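Here are my notes for you to read alongside the model. Keep the structure open and look up each residue as you go.

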Amino acid sequence: MKEQDDKLMEKIISLAKNRGFIFQAGELYGGLSGIYDYGPLGTLLKNNIKNAWIKKFVEDRRDMYLLDSAILMGEKPLTASGHVGGFSDPLVRDEKTGKDYRADHLLEGAGIENSEDMTIDEMSELIHDKKILSPEGNKFGSVREFNLMLRTQLGSSSDSSSTAYLRPETAQGIFVNYKNIIDSMHPKIPFGVAQIGKAYRNEITPRNFIFRLRELEQMEIEYFIHPDDWKKYFDYWKEEMNEWAEMIGLDMNKLHEVEIEGEDKAHYSDRTVDFEFEYPFGQKELYGLAYRTDYDLKKHSEFSKTKLQYTDSKTGEKYIPHVIEPSMGLDRTILALLISVYSEDEINESKRSYLAFNPSMSPYKIAVSPLVKNKEHIVNKANEVFGFLKAEFGNITWDDNGNIGKRYRRQDEIGTPFCVVIDYDTLEEGNENFGTVSVRFRDTAEQERVSIKELKEYFLEKL
Ligand code: ATP
């Protein structure tokens, strides 16, 4: 099983690179660890996910506001939120090579559970008592807390007031704008603020392709509620997250809700459910759902010396809203989706791989091909079909490279659900297929003839 899983990851990583989905950032110069660039098809896929997310969670609702807050944040808000003091992982260094490791991951690997509940000293002691060595066989130093935020300096002065951080989560941008949103939009509780954007974490050991990144993208909602209603809305958002996962085509058999108990929960959370996914490298977090109480607004209120409350216009009740937070990593969504849709089979005794995306997620919806490149009337007709389909469906592609079999394989590999081919029959008067094109389906490799006149309607129904 292990070998098969390793192979699956290798296949997905190489497909992502060779077919223009995801490239290692800075590869030309040796690569940057934990940072990836999205190529032409990866960008289309990412946009499909973002657009579907905004449609479901913002456009199709009446109680959600969008936000695009700055990536750089000052020291004060992140001190208030607890990130300056506490957003850290336990780091331990190989004394000989100087390589760093996550102490909790090492303990986990040695079969010791609940390392999250341990203090730094307890971890140090255990690593030394159990004689845990580095992968190179060397001794470790003591465990220390390593803050994961990436720090920078704004302007030319180097005093602490110019210290800024690349935000470690998009959530804080929402909390610090709570008052602006209340004052400008006058929303009624319950309401939510949704944001998609980059976040940065100086992960000690980035790994598993786009699973643990240093530059990542999050899709987060802070849903502001009356404190009495938290249970109801927690369950509601759990369902919404499941609906979302199913809608985009994640393998629901691989998705598991895990209740996070006691000390394992983040400091701000009174209840957390993680949505874990069975990746080839193990079952790990995909999404998180947290009841953040009034923790963040209270802290920002205290540190900024500003009232951050809500006044119920009907009852006159004044209170600090509580928050339910559905938090979804965009890169992990892409990884889980690629794993969910990656398929292999045999057609006419030849092996093929294909990405069985829902058409709404496919980077290209349709590929249009002239059967041959050297017959002008066929190419012209294909161009005409391509033109009107592109005007209607946008992300469709032209493919006249190699023979038709190769084109099908290539489109299968990138998950294009339909291939349209204009052939001799299309243009031969008197032929029973005159005026039709062949439409080939990715998953079954079956084909049918569709009249050019009806083609637009045909795809409007399918896409
Ligand atoms: P983990 O325990 O895996 O480090 P986390 O509990 O720190 O994750 P959160 O702080 O809850 O993660 O972040 C919200 C979401 O952001 C996660 O559910 C995940 O989808 C995504 N995410 C967090 N850290 C990373 C990362 N380093 N790379 C890619 N995505 C990430």
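1. Start with Arg-410, which makes a salt bridge to Asp-399, with the closest N and O atoms 2.8 Å apart. Keep in mind that this is a predicted model. The pair ties together distant parts of the chain: Arg-410 belongs to helix H13 (residues 404–414), while Asp-399 sits in the loop between strand E21 (396–398) and H13, 11 residues away. Arg-410 has a relative accessible area of 23%, so it counts as partly exposed.

2. In total, the structure holds 34 salt bridges. As a rule, side chains of opposite charge can pair when their charged atoms come close.

3. Now try two more pairs. Arg-102 bridges to Asp-104, and their closest N and O atoms are 3.0 Å apart. Is Arg-102 buried or exposed? Its relative accessibility is 9%, under the 20% cut-off, so Arg-102 is buried. Asp-104 is buried too, because its value is 8%.

4. For Lys-298 and Asp-294, the closest N and O atoms of the salt bridge are 3.5 Å apart. Here Lys-298 is partly exposed at 45% relative accessibility, whereas Asp-294 is buried at 14%.

5. Next, the rings: there are 25 aromatic pairs in the structure. In one of them, Phe-211 and Tyr-279 have ring centres 5.0 Å apart and planes at 70 degrees, so this pair is edge-to-face. It connects distant parts of the chain, with Phe-211 in the loop between strand E10 (191–200) and strand E11 (215–225) and Tyr-279 in strand E13, 68 residues apart. Both Phe-211 and Tyr-279 are buried.

6. Compare that with Phe-418 and Phe-459, whose ring centres are 5.2 Å apart and whose planes meet at 55 degrees, so the pair is tilted. Phe-418 is in strand E22 (residues 418–422) and Phe-459 in helix H15 (residues 455–462), 41 residues apart. Phe-418 and Phe-459 are both buried.

7. Look for the aromatic cluster as well: its members are Trp-53, Phe-57, Tyr-223, Tyr-233, Tyr-236, Trp-237 and Trp-244.

8. Finally, check the surface. Glu-108, Glu-113, Glu-116, Asp-117, Glu-261, Glu-263 and Asp-264 gather there in a patch of negative charge. Glu-263 lies in the loop between strand E12 (255–260) and strand E13 (271–279). With a relative accessible area of 63%, Glu-263 is exposed.

Notes: Residues numbered from 1 in each chain as written. Predicted model: local features only at pLDDT ≥ 70, side-chain atom pairs only at ≥ 80, totals over all residues. Heavy atoms only, no water. Patch = residues over 30% accessible without salt bridge, like charges linked within 9 Å, V, L, I, M, F, W, Y side chains within 5 Å. Areas by Shrake-Rupley, 256 points an atom, 1.4 Å probe, with all protein chains shown as cover. Salt bridge = Lys/Arg side-chain N within 4 Å of Asp/Glu carboxyl O. Lys, Arg positive; Asp, Glu negative; His and termini not counted. Charge placed at Lys NZ, Arg CZ, Asp CG, Glu CD. Helix = DSSP H or I, 4+ residues; strand = E, 2+ residues; numbered from the N terminus. Buried < 20%, exposed > 50% of the residue type's maximum accessible area, 1.4 Å probe, protein only. Phe/Tyr/Trp six-rings, centres within 6.5 Å; stacked < 30°, edge-to-face > 60°.
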